[in-house]
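The following note sets out points on side-chain pairing and helix packing for the attention of a colleague. Please read it alongside the sequence and the coordinates.

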Amino acid sequence: LFQIKMLIKNNLKNFLKINIQKINGQSRAYYEITARQQMYKLYEYRKMTLEDVEILCRNISDAVNMANAYMLDIDRIVLEPQHIYVNMYNKIMDFVYYIGSKEMSFSDSIKALFEYVLKHFDHSESKESVVLIYDIYKKIIVQDYNPGCLYNLFDNGVCKNNGYIKEDYIKDNYIKNNYVKNDYIKDDYIKDDEDAVMKNYEFKD
């Protein structure tokens, strides 16, 4: 697939590094999760703050902009909390790029994600923060947002470059290869001519 080649050739910021291996004639995609924590585990015992939500949105927009810059379908970005990985050193989030057909569109995925956010948000924060979160959720529902500029939902700022990343930005943020064999999550797909169809997710913690 075009997307597979693009992801392997260009180690993209905000996406888990991918490696394709063939085992017993079946191709498998492995994603590196070294030094990363699943997002949902961060909020098992604490609530999300407004800052947490803004960081999440900025990371999603960074991933969307990177995908757009490399002509990747943003509908394939997985936004489920258990499949979003956080670098605990710099708070950068890395996303799974789903290889194969994905049932949920980006708009459906981010709506489901914000339902999770509302459930885990700290409603003891200021009234303004709580109102803002619900206002953002309303905009998510009616798709009144730019996927590449979700931070606008917080400050109504100007969306620069229509949410797209310039080439010099891409070069400056290129990530060097760094694989650790045992720190992968994997998903299996069946090779059919030139099309790779996902069989199932098999995540390894």
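1. D52 is buried, at a relative accessible area of 12%; here buried means under 20% relative accessible area, exposed over 50%, and partly exposed in between, with a 1.4 Å probe and protein chains only. The side chain of D52 meets that of R46 in a salt bridge at 3.2 Å, N to O, a salt bridge being a side-chain nitrogen of Lys or Arg within 4 Å of a carboxyl oxygen of Asp or Glu. R46, for its part, is partly exposed, with a relative accessible area of 39%.

2. On the basis of these values: this is a predicted model, in which local features need pLDDT of at least 70 and side-chain atom pairs count only at pLDDT 80 or more, whereas totals for chains, interfaces and linings use all residues. Residues are numbered from 1 along each chain as its sequence is written, and side-chain values use heavy atoms, with hydrogens and water left out.

3. Four salt bridges are found when the whole structure is searched. One of them joins the side chains of K13 and D62, at 3.8 Å from N to O. K13 lies in the loop between helix 1 (2–9) and strand 1 (18–23), and D62 in helix 3 (residues 50–69), so the pair ties together parts that are 49 residues apart in sequence. Helices (H or I, at least four residues) and strands (E, at least two) are DSSP runs, numbered from the N terminus. K13 is buried, with a relative accessible area of 12%, while D62 is partly exposed at 26%.

4. A further salt bridge links the side chains of E54 and R58, with an N to O distance of 3.4 Å. E54 and R58 are four residues apart in helix 3, and therefore separated by about one helical turn. E54 is partly exposed at 23% relative accessibility, and R58 is partly exposed with a relative accessible area of 35%.

5. Where does K5 lie? K5 belongs to helix 1 and is exposed, with a relative accessible area of 63%. The C-alpha atoms of K5 and I20 are separated by 9.8 Å, the two residues being 15 apart along the chain.

6. The axes of helix 3 and helix 4 come within 12 Å and cross at roughly 165 degrees; axes are lines fitted to C-alpha atoms, for helices over the stretch in contact, and angles run from 0 to 180 degrees between N-to-C directions. Helix 3 is therefore roughly antiparallel to helix 4, the term applying to angles over 145 degrees. The crossing of helix 3 and helix 4 is right-handed, that is, the near helix is turned clockwise from the far one by less than a right angle, anticlockwise being left-handed. V53, L56, C57, I60 and V64 of helix 3 make the contact with F106, L113, F114 and V117 of helix 4, contact meaning heavy atoms within 4.5 Å. By class, the contact of helix 3 with helix 4 has nine nonpolar, no polar and no charged residues.

7. For helix 4 (residues 106–120) and helix 5 (residues 127–141), the axes come within 10 Å and cross at roughly 160 degrees. Helix 4 is thus roughly antiparallel to helix 5, and their crossing is left-handed. The contact involves I110, K111, F114, E115 and L118 of helix 4 and I133, Y134, I136, Y137 and I140 of helix 5. These residues divide into eight nonpolar, no polar and two charged.

Key. Parallel < 35°, antiparallel > 145°, perpendicular 65-115°, else oblique. Nonpolar A, V, L, I, M, F, W, Y, C, P; charged D, E, K, R; others polar.
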